[in-house]
Amino acid sequence: MSGEHRARVAIVGGGILGCAAAYHLARAGVSDVLVLERDELNAATTSQAAGLIGQLRTSAVKSAIVGQTLADIAALEAEGLVSGFKRTGSLRLALRPEREAEIREQVTAARRFGVDATLVGAADVARLAPGLEAPKEHPAAWMPNDGYAEPYTLATAYASAARRLGATFATGCDVLDIRVADGRARGVTTRQAGMVADVEAEAVVIAAGAWTSVIAARARTAVPAFAVRHQAWVTAPMDWLAPTFPVVRVPDRLAYLRPEVGGLMLGFFETTPLGVDVGARAGFSVAATPRDRDVLTAHAPGLMEIVPGLAEAPVVGGTAGVPTYTPDGHFVVGALPGVAGLFVATGCCAHGIAGSGGVGRAVAEAVTGAAATLDPTPMAPGRFGARAWDAGWVRVACEGTYAHYYDLVRR
Ligand SMILES: Cc1cc2nc3c(=O)[nH]c(=O)nc-3n(C[C@H](O)[C@H](O)[C@H](O)COP(=O)(O)OP(=O)(O)OC[C@H]3O[C@@H](n4cnc5c(N)ncnc54)[C@H](O)[C@@H]3O)c2cc1C
């Protein structure tokens, strides 16, 4: 960094949530925003994501958060930026009566939230996703406006749009500390190219992915989120796979899939999750996320019953990263209790790409004090009270959220 070290808002972390926050702040007229990223932009967990963007959510606010992302994608594309979004539509399959009941309820609720969602039978599934052998006895949910985004491309589009509006990005810039005086955040201390410098700021937003809690602890605040490893695999191209193949979620197989350069990208939610305490692993980088092919070996046969064509394609690659989870599956966005002017944007629960627009907007509104467009209550950082300080409880609860990701939603 050169020149004056001062910004109205300093954002710690240049992943998709930091970039989306910068974009929404700049769009709200706060152009004096400085994003501080210790590596390259969007090189950590964001670059590893499958990028599914689905609106069938368990609450109106979650659905609206994703709706904001789709609105942002439209706005970014209207500016001539490439969003990397493919509107393939998405299917959610039921393999048992209880799941069918859940999907029926979800579709009804989604329509109430204004989402285009419908129930389709086996013949429609076969037409929409040739090669998919869904059970004939249960309908599937079909959301034509869903799809997936190439995550790095979407995150870069947010950063480019924020830059056009005046935001500044400093890469290779490690935030060492949050500067707090008289109960208020005053800025951050950084190290870039071996030089330590203070940056003055009226507000600080911590959007540091898996490291968010570590940095917040330096300001003596607790963030109720914990990182859990998540992996996805990519198959070789398959002749039978149509370019229009949609995103497919098979919760009864703990699985999702979507097209990836002629093949499929497959992800599974593990029942024995691997939490990753980055605070206890100095120098941990997302590139070093431990990978476990046994997860693929254990889950792939169940998925092949639904997608028999998978049997002919070798797995040729994969991704892994450390998204953050929360005890209740909601994001953690807004003002951190105890330190005025200190904000947080994390707890993506494996949908930080899908939720990037809503989270960016919500944190921008919290920083500027604008009326909230999205109900901030379910995302409030202080909602767990003193339990947020109990690191053991937070970890176990967050691993539980991961392990039960595709459990039936009980009402
Ligand atoms: C295999 C896999 C599949 C996924 N699939 C999906 C999906 O289908 N849909 C979806 O919506 N989401 C998905 N996700 C989740 C998604 O990747 C995350 O929700 C999202 O990337 C979180 O973004 P972030 O900005 O919070 O974190 P990150 O991308 O990790 O960014 C945080 C940034 O903070 C920086 N940082 C940390 N500490 C400091 C410091 N002290 N100083 C400066 N910078 C710092 C880091 O270098 C990093 O760049 C998936 C994730 C994985 C791993």
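Leaving aside its neighbours within four places in sequence, which residues is V339 in contact with? I will come back to that after a word on the model.

This is a predicted model, in which local features need pLDDT of at least 70 and side-chain atom pairs count only at pLDDT 80 or more, while totals for chains, interfaces and linings use all residues. Residues are numbered from 1 along each chain as its sequence is written, and side-chain values use heavy atoms, with hydrogens and water left out.

Now V339. With those sequence neighbours set aside, V339 is in contact with V180, G183, R184, A185, A219 and T221, where contact means heavy atoms within 4.5 Å. V339 sits in the loop between strand 20 (332-335) and strand 21 (342-346); strands here are DSSP runs of E, at least two residues, and helices are runs of H or I, at least four, numbered from the N terminus. V339 has a relative accessible area of 7%, so it counts as buried, that is, under 20% with a 1.4 Å probe and protein chains only.

Next, the ligand. T46 has a side-chain N or O atom 2.6 Å from a ligand oxygen. For D174, a side-chain N or O atom is 3.2 Å from a nitrogen of the ligand. At A350 a backbone N or O atom is 3.1 Å from a ligand nitrogen. The protein covers 98% of the 1,000 Å² of accessible area that the ligand has on its own, by the Shrake-Rupley method with a 1.4 Å probe.

Elements giving two or more residues to the shell around the ligand include helix 1 (16-27) and strand 10 (173-181).

Notes:
A polar contact is a pair of N or O atoms within 3.5 Å; within protein, one must be able to donate a hydrogen and the other to accept it, and residues adjacent in sequence count only if both atoms are side-chain atoms. Buried means under 20% relative accessible area, exposed over 50%, partly exposed in between (1.4 Å probe, protein chains only).
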